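Grab a pencil and work through these exercises with the structure in view. Try each task yourself before you read its solution.

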Amino acid sequence: MLIAGFPAGAWGTNCYLVAPAAGEECVIIDPGHEAAPGVEEALKKHRLKPVAVVLTHGHIDHVASVVPVCGAHDVPAWIHPEDRYMMSDPEKGIGRTIGMPLMGQLTVGEPDDVRELADGTKLELAGLELTVAHAPGHTKGSVTFGLPEAADIPPVLFSGDLLFAGSIGRTDFPGGSMDDMLESLARVVLPLDDATVVLPGHNEYTTIGQERATNPYLRQVAAGLGAQEAPRRGM
């Protein structure tokens with residue numbers, strides 16, 4: 001298994017390329033702001049051929065390079081239907097005007113081929129099996145992608161902005177909900193094996209075991225406490 005990741009753009013959003021091995025087909029996860037050059041560099045370095053872009057949610061920092069990346073390689077983009085509108089109207093997704101000096105020139109809109117994700121779907125792409133889990137809270141259409149354990153790696157969770165090392169995603173954007181976030185953590189995250197590696201949308205990787213032991217939000221959920229008791233933090 002090959003997983004190549006790098007932080008991109010003004011928000012340092014993690015973009016990942018996933019393949020069975022170097023020299024094979026791959027899936028690109030969350031090509032965000034200014035991610036296209038890093039994607040091309042990783043494709044060349046590992047001799048990869050992309051077959052799809054998959055998106056954990058629709059915020060501009062995760063989808064800003066979808067149109068150029070999909071267009072350059074003639075591949076589809078997969079997104080949950082409740083976040084699809086953000087691809088064409090990113091400001092509506094964050095409830096504020098996007099600063100052009102920060103963002104620079106953006107290609108707003110949908111690529112030619114957009115396909116919609118559903119909870120529980122198993123995407124068979126590039127010789128991989130990605131399990132989709134709908135995980136609202138950060139946005140209504142947030143999802144995670146799970147990879148099963150392989151010979152050379154433990155299970156992997158691409159958590160988007162659901163779960164970070166020591167924290168969780170913000171819930172104060174349009175469509176965000178702390179109640180939904182805590183329910184998603186309980187349903188999607190807590191049942192996972194402690195050895196599962198978490199590759200989040202921002203910052204460093206972690207494991208489910210580490211987060212179960214130290215993340216205040218997961219501890220709240222495990223204790224059966226609701227949104228009223230949850231600390232307020234996130235990206």
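Before we start: two strands count as paired if DSSP finds at least two bridges between them. Also keep in mind that this is a predicted model.

**Exercise 1. Find the partners of strand β9, and work out whether its faces are covered or open.**

Step 1: Start with β8 (residues 128–134). It is joined to β9 by 4 bridges, and the two run antiparallel.

Step 2: Now go to β10 (residues 156–160). Here 3 bridges make the link to β9, again antiparallel. On this side, look for F145, which stands opposite F158 in β10.

Step 3: Check burial, remembering that buried means under 20% relative accessible area. In β9 (residues 143–147), 5 of the 5 residues are buried.

Step 4: Sort those residues by face. In a regular strand, side chains alternate between the two faces of the sheet. In β9, one side has V143, F145 and L147, the other has T144 and G146, and all of them are buried. So both faces of β9 are covered.

**Exercise 2. Trace the open sheet of 6 strands: what is the strand order, and which strands are at the edges?**

Step 1: Read off the order, which is β1-β2-β3-β4-β5-β6, with mixed pairing.

Step 2: Look for strands that pair on one side only. These are β1 (2–8) and β6 (114–116), the edge strands. From one strand to the next, the twist averages 25°.

Step 3: Strand β5 (residues 77–79) pairs with β6 in the parallel sense, over 3 bridges. A77 has V114 of β6 as its bridge partner.

Step 4: α3 (residues 66–73) lies across β3 (25–29), β4 (49–54) and β5, and it runs at about 145° to β4.

**Exercise 3. Is T196 buried or exposed, and which residues does it touch?**

Step 1: You'll find it in the loop between α6 (178–189) and β13 (197–200).

Step 2: Compare its area with the cut-off. T196 has a relative accessible area of 4%, so it is buried.

Step 3: List the contacts, leaving aside neighbours within four places in sequence. T196 is in contact with P155, V156, L157, T206, T207 and I208.

Step 4: Follow the side chain. It reaches from T196 to the backbone oxygen of D193 at 2.9 Å.

**Exercise 4. Which elements give two or more residues to the lining of the second largest cavity?**

Step 1: Pick out some lining residues. Among them are N14, Y16, F158, S159, G160, L199 and P200.

Step 2: Group the lining by element. β2 (13–19), β10 and β13 each give two or more residues, and β10 gives the most, with 3.

Technical notes: Residues are numbered from 1 along each chain as its sequence is written. This is a predicted model: local features need pLDDT of at least 70, side-chain atom pairs count only at pLDDT 80 or more; totals for chains, interfaces and linings use all residues. Side-chain values use heavy atoms; hydrogens and water are left out. Axes are lines fitted to C-alpha atoms, for helices over the stretch in contact, and angles run from 0 to 180 degrees between N-to-C directions. Contact means heavy atoms within 4.5 Å. Buried means under 20% relative accessible area, exposed over 50%, partly exposed in between (1.4 Å probe, protein chains only). A polar contact is a pair of N or O atoms within 3.5 Å; within protein, one must be able to donate a hydrogen and the other to accept it, and residues adjacent in sequence count only if both atoms are side-chain atoms. On a 1 Å grid over the protein atoms alone, a cavity is a set of points where a 1.4 Å probe fits but cannot get out, and a pocket is an open set with protein on both sides within 12 Å along at least five of seven lines; lining residues have an atom within 4 Å of a point.
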